[in-house]
Amino acid sequence: MTIPLLIAATLLLQRLLGAPGGPPWSGLLLVPVVWVVGPALLGWGRRWVWICLAIGLGWDLLLEPVIGPGAIAWSASALVLLWLASIVADRSPKAWLAFGAVATAIVIIVHRLALLPLGVIRPVRWIDLAVSVAATALWCFLVGWIRSLDLPKRWRARRARTLR
Amino acid sequence: MTEVRLFLLRIALVWVVLELLAATQAMTPAGERVAWRWARAVAQPLALAAGGVGSAAVEVATAVRDGGQLLVDNRRLELEMEELRTRNLLLREDLAALREGSRLLDTVVGLEPAAAVGRCVFRDPTRGRLEVRVASPLTVPKDTPVLGAGGLVGRVVEARGGSVWVQLLTHPAAATAVQTATGSLQALATGTGGTDRLDIQYVPRTADLLQGEVFVTSGADGIYPAGIPVASVVSIRETEEAFLEVRALPGVEFARLRVVLLLPGMVKGARPGGWQ
């Protein structure tokens, strides 16, 4: 139950990042990408592609005028990362960084491609793409780094020392 | 491997469904749903193809019908053309007959009021007879002399309405009183049954007669007027009998007769005004 709640929280956070009044670049950070990168690197299996499809539907519901292209983009990204994780052995924060960059690029490009047949042409500005890829990759790196710190373990060790 | 393929196939199908779902929501600049435009784009070639097939079928049906009509028209036109050709032939024949009749009338100067032109409708020279059509109000008595281009043709043996039967000079029973153009020799021209031969009988052995001499009617038979050319001598032969054997060629080509001149009002024995 925790994971769905966290997913919903990231989607809401994404909604907030795009709210009026925020900095213009804040919307370029794709917060839910960690739910694509993480399961791929942690080996959560093929079913996670379907969950990413649901995340994409949620993305469309909250952030897009049309439901469908987002789900395609997010599931496509999950599919590619699933394959990429099968050939890359690294699971360090650097892998999180690289996977985050790849996942972000795929999400943005596939989303635009899915919109093309609908007649909705949303041109990709390379600078926006680069900023989005960089910001999201750093965000994934941050999550990966924090995860590598294994904070619960440290917390348990600290409590053990305190109790002594 | 099969499981992976199935998974990918499912994903692809879901993507297609999602794209269609998006198309049902997206609107074109014209305010139309994209899905409708896609449906129309898919249906349009089919509709065009169906329309094309339909119009082609209509065209084929029309072509077949028109082709049939053309054949019928062609057949009708062929028949009309054949009829026109026949009429043309008949008209040419009529024209030739008219010319011949006109020439014939020119040969008997002064007889035009008493003469009637008849059209040959049936020729049977081997049996020595001829059927002639004349204007129906005209009454043609029996033994009326009949002239053709070149001379005497024969006499009327029967007349019913506009149809007149003529006995030719060549008929075996026909006999015509003839004389030489100078009137120095009287004789009798009899039919032989042949189409181009007359026998000139009762020509004395002492007669001064040459080949090519023309015999004309003498009027002595009480049927034909005098002075009409009958035949020209082709052979003269002496026999043991008292008279010469003289054969003559009729002046008229019976097989080519188109028009004849009947002289119903002719005074028997009188000489025509002048045979040209």
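Predicted model: local features only at pLDDT ≥ 70, side-chain atom pairs only at ≥ 80, totals over all residues.
Residues are numbered from 1 along each chain as its sequence is written, chains are lettered from A and ligands numbered from 1 in the order in which they are written, and side-chain values use heavy atoms, with hydrogens and water left out.

A pair of aromatic rings is described by the distance of the centres and the angle of the planes. Rings of Phe, Tyr and Trp (its six-membered ring) pair if their centres lie within 6.5 Å; planes under 30 degrees apart count as stacked, over 60 as edge-to-face and the rest as tilted. Over all chains, the structure holds 5 aromatic pairs. One of them joins W44(A) and W48(A): the centres are 5.1 Å apart and the planes stand at 75°, so the pair is edge-to-face. Burial was classed by relative accessible area (buried under 20%, exposed over 50%, partly exposed in between; 1.4 Å probe, protein chains only). W44(A) is partly exposed, at 32% relative accessibility. W48(A) is buried, at 6%.

W59(A) and W74(A) form a tilted pair, with 5.3 Å centre to centre and 50° between the planes. Helices are DSSP runs (H or I, at least four residues), numbered from the N terminus. W59(A) lies in α3(A) (residues 47–63) and W74(A) in α4(A) (residues 69–87), so the pair ties together parts that are 15 residues apart in sequence. W59(A) is buried at 9% relative accessibility. W74(A) is buried at 1%.

A charge also sits over a ring (NZ of Lys or CZ of Arg within 6 Å of the ring centre and within 35 degrees of the ring normal). R46(A) lies over the face of F7(B), 5.3 Å from the ring centre.

Helix α1(A) (residues 2–17) crosses α3(A) at roughly 35°, and their axes come within 10 Å. Axes are lines fitted to C-alpha atoms over the stretch in contact, with angles from 0 to 180 degrees between N-to-C directions. In the contact (heavy atoms within 4.5 Å), α1(A) contributes residues including I3(A), I7(A) and L11(A). Among their partners in α3(A) are W48(A) and W59(A).

A134(A) is placed in helix α6(A) (residues 126–149). A134(A) is partly exposed, at 41% relative accessibility. A134(A) and A98(A) are 36 residues apart in sequence and 9.7 Å apart in space, C-alpha to C-alpha.

Conventions: Helix = DSSP H or I, 4+ residues; strand = E, 2+ residues; numbered from the N terminus.
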